[in-house]
Amino acid sequence: MSQLRISAIVPYFEAHKTIENALRSLIEGDLPPDEIVLVNDGSSQESRDQLEGIVFALKPEFPALLVVDHQHNLGSGFARNTAVLHAKNDWIFCLDADNLAPKNLLKSIARFIDENVGNNVEIVSPERLIFFDDRSETVSHTWTFKNSILTSEEFINRTVLPRSSGNYLFSKDSWYKAGGYPTAAGALENWGFGLRLHLAGYQTQVVPGTFYFHRIGIDSLYTRESRDMERLSLIATAQVLEDASRLPSKLVRKLLNARKARSWLSKIKEPTLFNDPKLEFDEGYATPREEMPPAELEGLEGMLSELERRLNRR
């Protein structure tokens with residue numbers, strides 16, 4: 001078994017309905033993390049009380065569960081940075097409070113790192129995100145990632161990226177050198193951190209055959225903020241221009257165009273910044289439910305149901 005020591009971080013805000021299963025999916029994995037650092041980012045007293053009850057019940061089974069409280073809601077970027085600062089290990093795995101990790105996820109990632117010692121591995125991602133509907137517990141679509149090296153133009157013109165998901169493993173050293181999670185990016189904190197990692201020169205390694213379950217159908221931060229795509233596009237523009245000195249001047253000029261700055265994020269399925277049909281992307285792709293092979297869909301939903309049943313038996 002791998003000797004890799006992993007700190008799992010979990011940002012928490014009003015997520016008392018889903019947090020127990022998220023934590024249990026880590027604790028009951030084939031290779032549990034060495035510790036879990038949960039940051040409560042100024043939740044209401046009701047949500048805080050429910051979280052305390054869940055943590056109290058889990059502590060005998062997993063004593064290395066640390067809860068750090070923000071007295072006020074500072075935002076997801078702050079919460080993630082606080083968690084990393086309190087983590088004692090050099091490897092950090094982030095799991096959102098409404099997502100689920102399959103039993104073999106951390107074990108597979110740790111094995112990959114052990115097999116690639118000396119290859120400058122700093123960021124390791126599951127190969128797939130399995131999006132499931134919170135209400136019906138059915139798979140809605142998937143993201144599949146590939147190992148590839150992107151230019152800055154390609155990174156910004158793509159949504160299906162490992163570092164857009166936010167739930168992957170990274171070294172604490174890469175977090176320091178990239179400058180941590182942006183704290184003024186709202187729902188784009190994961191995308192902004194991924195951009196910082198990219199501009200700092202880090203590449204993501206994808207572990208074949210691995211995945212995690214990403215919950216949709218809830219009123220998440222991104223769901224709320226994406227209702228105003230013009231504002232979100234301006235936030236993304238600010239994140240990009242923060243590192244303008246490391247970007248091609250052509251890209252910076254386009255983002256300084258007021259109309260482009262307000263609209264490009266909502267049109268990101270096309271090469272909107274450059275309008276160049278020759279731009280090809282091989283970083284990943286999305287597959288809607290309707291296009292998935294029936295046997296694959298049945299298998300994924302079966303794994304999801306089994307995982308939920310196992311976690312809910314407690």
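## Basis of the model

Because the structure is predicted, local features are given only where pLDDT is at least 70 and side-chain atom pairs only at pLDDT 80 or more, whereas totals for chains, interfaces and linings use all residues. Residues are numbered from 1 along each chain as its sequence is written, and side-chain values use heavy atoms, with hydrogens and water left out.

## Helix α8 and its packing on α10

Helices (DSSP runs of H or I, at least four residues) and strands (runs of E, at least two) are numbered from the N terminus. Two packed helices are described by the angle between their axes and the distance between the axes. Helix α8 (residues 189–199) packs with helix α10 (residues 229–241) at an angle of about 20 degrees, and their axes are 10 Å apart; the axes are lines fitted to C-alpha atoms, for helices over the stretch in contact, with angles running from 0 to 180 degrees between N-to-C directions. That makes α8 roughly parallel to α10, a label used for angles under 35 degrees, while those over 145 count as roughly antiparallel, 65 to 115 as roughly perpendicular and the rest as oblique.

The crossing of α8 past α10 is right-handed, meaning that the near helix is turned clockwise from the far one by less than a right angle, and a left-handed crossing is anticlockwise. On the α8 side the contact (heavy atoms within 4.5 Å) is made by Trp191, Gly192 and Leu195, and on the α10 side by Ala236, Gln239 and Val240. By class, this contact of α8 with α10 has 4 nonpolar, 2 polar and no charged residues, where Ala, Val, Leu, Ile, Met, Phe, Trp, Tyr, Cys and Pro count as nonpolar, Asp, Glu, Lys and Arg as charged, and the others, Gly among them, as polar.

## Two enclosed helices

Burial is assigned by relative accessible area, with buried under 20%, exposed over 50% and partly exposed in between (1.4 Å probe, protein chains only). In α8, 11 of the 11 residues are buried, so this helix is largely enclosed by the rest of the structure; among them are Glu189, Arg196 and His198. Helix α3 (residues 76–86) is also largely enclosed, because 8 of its 11 residues are buried, including Arg80, Asn81 and Thr82.

## Buried polar side chains

Asn40 lies in strand β2 (residues 35–41) and, at 0% relative accessibility, counts as buried. Its side chain makes a polar contact with the side chain of Asp69 at 2.9 Å; such a contact is a pair of N or O atoms within 3.5 Å, of which, within protein, one must be able to donate a hydrogen and the other to accept it, and residues adjacent in sequence count only if both atoms are side-chain atoms. Leaving aside neighbours within four places in sequence, Asn40 is in contact with Tyr12, Arg48, Leu51, Val68, Asp69 and His70.

Ser174, in helix α7 (residues 172–178), is likewise buried, with a relative accessible area of 0%. A polar atom of the Ser174 side chain lies 2.7 Å from the backbone oxygen of Ser171. Beyond four places in sequence, Ser174 is in contact with Glu122, Ile123, Leu197 and Tyr202.

## Positive phi values

Most residues other than glycine have a negative phi. Gly201, which follows α8, has a positive phi near 95 degrees.
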